[in-house]
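Welcome, and thanks for taking a look at this one. Below is a short briefing to read alongside the sequence and the 3D view.

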Amino acid sequence: MDDLDPYRDLDGPLPPARLEDAEAAAWQRVFEGAATLLASSGGAGPGRIDPAAIRAVVPWGRTDAQPPAPPTVQVSATSGDSFGAMVIARPSSPLALAETFVHEFQHSKLAALIHLFPLLDDDRDERYYAPWRADPRHLTGLLHGAYAFTGVAGFWRDRLADGGDDRATEEAGYHFALRRMQSRLVVRTLLGCDRLTAQGRALVSGLARTLDGWLREPVPPAALRRARAAAVLHRTEWRLRNLAPESDSAEPAGHPRLRADRTLWPDVRTQAFAVPPLAPHTGDEYLAAGDPVGALTRYADELAANPAEPHILAGWIVAHAALDPGRESRRMLARPELLRVRAGG
């Protein structure tokens, strides 16, 4: 735990910020639990790391005793110049910390490879869809995301194999299904971009082989359904918020026109869909519960007051497609930004 080094942050130098005893003790508890989880998997492979490989953890924004953080990590980052070190906002859950260790160490490994080999020729144009981001990304960002989330998928695959109660199995199955699906989508984009070097293509092709194998592995059906819904919801909302439609022309491959008014937006669905709701009330909850009829009714009620709100419109489109999976629904899912124009956006 590093709370002293002046260059421990990702930006400029910082003064020392000693953790208070209670906060340091809380970190120790979640770290020990995370290390036990990671050690239980054994062997090598995506999503498996030896906790001893982590060289430094910098506590982000937690320099005194505070209430427990949410169960998911809100902030984490890795510098390509400090292998095995990471900045993390402390979660209350060892499981969340273990997942973050896997994610950030994947970034460290890829950064080391990028120092050694040219993996792609990146024009740094931020125009590509990344399923774990609110904003368009460049190719290097896509590569980092695909590599990191393939590791995360492997982490949840191991948790699914570990067994546990019904809730733990549902959660692990959902995250495994979601991350393998999202990572494979980005790998397809990378393999089709014509900018990978020979080393980069070998790396990404290896990810594709791993993910293709995992996509054939069984997942609890309800968890798989929620993962598919969450994936298509994110892509639909991303397009509604980021892309400006070209109503009368086909979209150039890989070169969509971005909205001038796009802003960052919260992805509230990825975690919300992890477990089925017990008593659904909102459109999202009905959709997560596998009831698109109830979801469509609630989304329609909300759209009557705000017909172009992207979050609600994305839910309506996905619920409508679940009930009527015909050509028109496929067209709406492919280019939902066109429907936003008709709705008044």
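Let's begin inside the protein. Setting aside neighbours within four places in sequence, Leu-143 touches Leu-110, Leu-119, Leu-120, Leu-190, Leu-203 and Val-204. Please keep in mind that this is a predicted model, with a mean pLDDT of 91 for the protein.

**Confidence**

- A pLDDT of 70 or more is reached by 92% of the residues.
- Residues 63–69 fall below 50 in pLDDT, and this stretch has 20 contacts in the model beyond near neighbours in sequence.
- Where pLDDT is low, the predicted coordinates should not be read in detail.

**Nonpolar cores**

- The largest nonpolar core contains 74 residues.
- Leu-143 is among the residues with the most contacts inside this core, together with Phe-101, Tyr-174, Leu-190, Phe-273 and Leu-287.
- Helix H3, which covers residues 139–162, gives the most to the core, supplying 11 residues.

**Salt bridges**

- The count of salt bridges comes to 20.
- One of them joins Glu-217 to Arg-157, with the closest N and O atoms 2.8 Å apart.
- This pair links distant parts of the chain, since its partners are 60 residues apart: Glu-217 sits in the loop between helix H5 (198–215) and helix H6 (221–242), while Arg-157 belongs to helix H3.
- Glu-217 has a relative accessible area of 24%, so it is partly exposed.
- Arg-157 is partly exposed too, at 28% relative accessibility.
- Glu-237 and Arg-241 are 4 residues apart in H6, about one turn of the helix, and both are buried.
- Shared partners connect Asp-121, Asp-123, Asp-125, Arg-127 and Arg-195 into one network of salt bridges.
- Inside that network, Asp-123 and Arg-127 meet through their side chains at 3.5 Å, N to O.

**Packing of H4 and H5**

- Two packed helices are described by the angle between their axes and the distance between the axes.
- For helix H4 (residues 166–191) and H5, the angle is about 145° and the axes are 9 Å apart.
- The two helices, H4 and H5, cross in a left-handed way.
- On the H4 side, the residues that meet H5 include Phe-176, Arg-180, Met-181, Val-187 and Leu-190.
- On the H5 side, the residues that meet H4 include Arg-201, Val-204, Leu-207, Leu-211 and Trp-214.
- Leu-190 of H4 and Val-204 of H5 are also on the list of residues in contact with Leu-143.

**A proline in a loop**

- Pro-256 lies in the loop between H6 and helix H7 (269–272).
- With 15% relative accessibility, Pro-256 counts as buried, because buried means under 20%.
- Pro-256 is 43 residues from Gly-213 in sequence, and their C-alpha atoms are 31 Å apart in space.

Technical notes. Residues numbered from 1 in each chain as written. Predicted model: local features only at pLDDT ≥ 70, side-chain atom pairs only at ≥ 80, totals over all residues. Heavy atoms only, no water. pLDDT = per-residue confidence, 0-100. Contact = heavy atoms within 4.5 Å. Core = buried A, V, L, I, M, F, W, Y, C linked by side-chain atoms within 4.5 Å. Buried < 20%, exposed > 50% of the residue type's maximum accessible area, 1.4 Å probe, protein only. Salt bridge = Lys/Arg side-chain N within 4 Å of Asp/Glu carboxyl O. Axes fitted to C-alpha atoms, helices over the stretch in contact; angles between N-to-C directions. Left-handed = near helix turned anticlockwise from the far one by under 90°.
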